[in-house]
Amino acid sequence: SLEKITDYKFRIPKSYKPGMRVDGIIYADEKLLSSIKKDKAPEQVANVAFLPGIVGSSLAMPDIHWGYGFSIGGVAATDPEAGGVISPGGVGYDINCGVRIVRTNLYLDDVGPRINEIVNALYTQIPSGIGSKGNIRVSRQEEKRLLISGARWAVSQGFGAEEDLEYCEEFGAIEGADPDAISDRAYERGKPQVGTLGSGNHFLEVQVVDEIFDQEAAAVFNIDVGQITVMIHTGSRGFGYQVCDDSLQVMIKCLSKYNINVPDRQLACAPVNSPEAKTYIGAMRAAANYAWANRQ
């Protein structure tokens, strides 16, 4: 029942399912839409529209695909003053997964003849894959400091320079992290995984600048054609996964406690102002800081 609004915007009307509070909006073109429909991700867009306090619309970006409760690429805002909720499934299992790019002083002519050596060195030095563990080990107390300081903790350990933090979201650490909201299992999973890449869609990619579209921006970043950059994509690893998993067990009980009706238990949630939500937000921010430390 998708309604075409423009060539790049499609609506799932809130009349599609009784209980939808707002419309669903998908941003895509016809070609992308044919692929999007195959894994039923639009159904998840409709389900998110059931969340109490949802504002505007249940949104989906062009990269939408099947996820946990929310589609990957799904976006929703809720208003705490209108009974708005927070859903761990919406934040995701890999809390604060993201990318950073490193500009090097190398050029393709420097790197090209030695690609095999570089690849082997990267595989040797960077722990990757499921359950990968690194050489960095932290005690429980040190891990607590990491959860509060994020990327600043990594810099304090010699992994980077102070100015790195100026070019990182939230300066590499978000306020409000609560180390006391973290389970023993999450602490244990996080201990050996700082500075590891992980698996799934995480990667480290050595890149070359082929073309510059914005000369002014390139000059600010001191980037030139033929230059080598390194892009790093990773998140909060097993630590963040455990934070999400622990929180979902609590949130499922909240559905009956707060009389919340959603069509999918994966959308388990709690009112933003509830004790359960506040505990989750503190734990989630700690996981976000873990991810920033990990990328740094």
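**A walk through the predicted chain**

Val262 lies in the loop between H10 and S10. Helices (H or I, at least four residues) and strands (E, at least two) are DSSP runs, numbered from the N terminus. This is a predicted model, in which local features need pLDDT of at least 70, side-chain atom pairs count only at pLDDT 80 or more, and totals for chains, interfaces and linings use all residues. Residues are numbered from 1 along each chain as its sequence is written, and side-chain values use heavy atoms, with hydrogens and water left out.

Stay with Val262. Leaving out residues up to four places away in sequence, Val262 touches Phe50, Leu51, Leu255 and Leu267. Contact here means heavy atoms within 4.5 Å. Gly19 is 243 residues away from Val262 along the chain, yet the two C-alpha atoms are separated by 8.3 Å.

Leu267 sits in the loop between helix H10 (237–257) and strand S10 (270–271). Is Leu267 buried or exposed? Its relative accessibility is 0%, so Leu267 counts as buried. The cut-offs are these: buried is under 20% relative accessible area, exposed is over 50%, and partly exposed is in between (1.4 Å probe, protein chains only). Beyond residues up to four places away in sequence, Leu267 touches Asn47, Val48, Leu51, Gly69, Phe70, Ser87 and Val262.

Helix H2 (residues 41–48) has 7 of its 8 residues buried, so it is largely enclosed by the rest of the structure.

Lys40 is exposed, with a relative accessible area of 59%. Its phi is positive, about 60°, although Lys40 is not a glycine. Asn96 also has a positive phi of about 60° and is not a glycine. Asn96 lies in the loop between helix H3 (88–91) and strand S7 (98–107). At 22% relative accessibility, Asn96 counts as partly exposed.

Now turn to strand S1 (residues 3–6), which holds Ile5. Ile5 counts as partly exposed, at 37% relative accessibility. Not counting residues up to four places away in sequence, Ile5 touches Phe10, Arg11 and Ile25. Ile26 is 21 residues from Ile5 in sequence, and 10.0 Å from it in space, C-alpha to C-alpha.

His233 belongs to strand S9 (residues 227–234). At 11% relative accessibility, His233 counts as buried. Apart from residues up to four places away in sequence, His233 touches Cys97, Gly98, Val99, Leu197, Asn201, His202 and Phe203. A polar atom of the His233 side chain lies 3.0 Å from the backbone oxygen of Asn201. Phe203 is 30 residues from His233 along the chain, with 5.2 Å between the C-alpha atoms.

Gln207 is in strand S8 (residues 203–208). What does the side chain of Gln207 make a polar contact with? The partner is the side chain of Glu205, at 2.9 Å. A polar contact is a pair of N or O atoms within 3.5 Å; within protein, one must be able to donate a hydrogen and the other to accept it, and residues adjacent in sequence count only if both atoms are side-chain atoms. Leaving aside neighbours within four places in sequence, Gln207 is in contact with Ile101, Gln227, Ile228, Thr229 and Met231. Leu267 is 60 residues from Gln207 along the chain, and their C-alpha atoms are separated by 38 Å.

Finally, the whole chain. Its secondary structure comes to 11 helices and 10 strands. The radius of gyration is 21 Å, close to the 19 Å that the globule rule gives for 296 residues, so the chain is as compact as a globular protein of that length. That radius is taken over C-alpha atoms, and the globule rule is 2.2 Å times the number of residues to the power 0.38. Along its principal axes the C-alpha trace spans about 60 × 50 × 35 Å. Buried residues make up 44% of the 296 residues. Among contacts with a separation of 6 or more, 69% join residues 24 or more positions apart.
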